[in-house]
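Load the model in your viewer and keep the selection panel open.

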Amino acid sequence: MSAVAPQEENISKARVLTDIESGRFESLTTEEILTFAVKNYHPRLALSCSFGAPEGMVILDMLHNIEPTSRVFVLDTGRLHQASYDLMDRIRERYGKRIEVIFPESGAVQEMVNAKGMNLFYESVANRKLCCRVRKVEPLNRYLADLDAWVSGLRRDQNVTRTDTGKVEIDHVHGDIVKFNPIADWTHEQVLQYVAANDIPTNRLHKRGYASVGCDPCSRAVEPGEDPRAGRWWWENPETKECGIHVEDESGGSGI
Ligand code: SF4
């Protein structure tokens, strides 16, 4: 049953753009932004959750409390950790929530690994981005084509590529739909405090030093005090450390 009455029609993009430019959204709390998102876009709104970072779990919890039928999806690259799959089942049980699992096109994966090998991502940045495009970016593009808005757990202090993240943005990469980043201004400590205070299940690999858990071959534990993003694609420079889901690059937005 819906907890927040939806609008008859989506708020206009022009109005959202005006509010972005005026800075109105930046003064709103996370709950206020999520309530706005649900009221205006549910059910054509979904949370992107990797089940590998506590940020996604915080938003999932908040969004579920606002709207129990809120949607959540995961991109199953085929290379995720078992711990991430286990967490999906724990979430399913705790919240009684259906998780929309999005897969890459099998033919594209087959063609890529037959041509370049199973572990092509270690060989070059170009190969790594190709793998991310086939396993993440293209499935995401396909999924978002049916939505009017999506929600992410990006935070500004996660990486140099994320310092300009707005709490609400127009996503030009995905057909000018609205993108909500409701915890953009949170610190890592705030995230951990919310998780602890609300006893939210998280990925068990965090206890083994993983700050964020991506695909198995592309994420590792970090040392205490080390940059949390150091555990992702550790063989690359920080400037290249995006999979193409959250950034637009010179190739025209696919991230590759
Ligand atoms: S994170 Fe690694 S395995 Fe996963 S899609 Fe990107 S390159 Fe491929």
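In what order do the six strands form the open sheet? Select them: the order is β3-β2-β1-β4-β6-β5, with mixed pairing. Strands here are DSSP E runs of at least two residues, helices H or I runs of at least four, both numbered from the N terminus. Two strands pair if DSSP finds at least two bridges between them.

This is a predicted model: local features need pLDDT of at least 70, side-chain atom pairs count only at pLDDT 80 or more, and totals for chains, interfaces and linings use all residues. Residues are numbered from 1 along each chain as its sequence is written.

Now pick β2 (71-75): three bridges join β2 to β3, and the two run parallel. Val74 has Val101 as its bridge partner in β3.

α3 (54-66) lies across β1 (45-48), β2 and β4 (149-151), at about 150° to β1. α6 (125-144) lies across β2, β3, β4 and β6 (177-180), at about 155° to β2. Angles run from 0 to 180 degrees between N-to-C directions of lines fitted to C-alpha atoms, for helices over the stretch in contact.

Next, select Ala149. Contacts (C-beta atoms, placed from the backbone, within 7 Å) link Ala149 to residues including Ala37, Leu45 and Phe180, leaving out those up to four places away in sequence.

Finish at the ligand. Of the 13 residues around the ligand, Cys131, Cys132, Arg135, Cys215 and Cys218 come nearest. Residues count as near with a C-beta atom, placed from the backbone, within 6 Å.

Notes: Contact = placed C-beta atoms within 7 Å.
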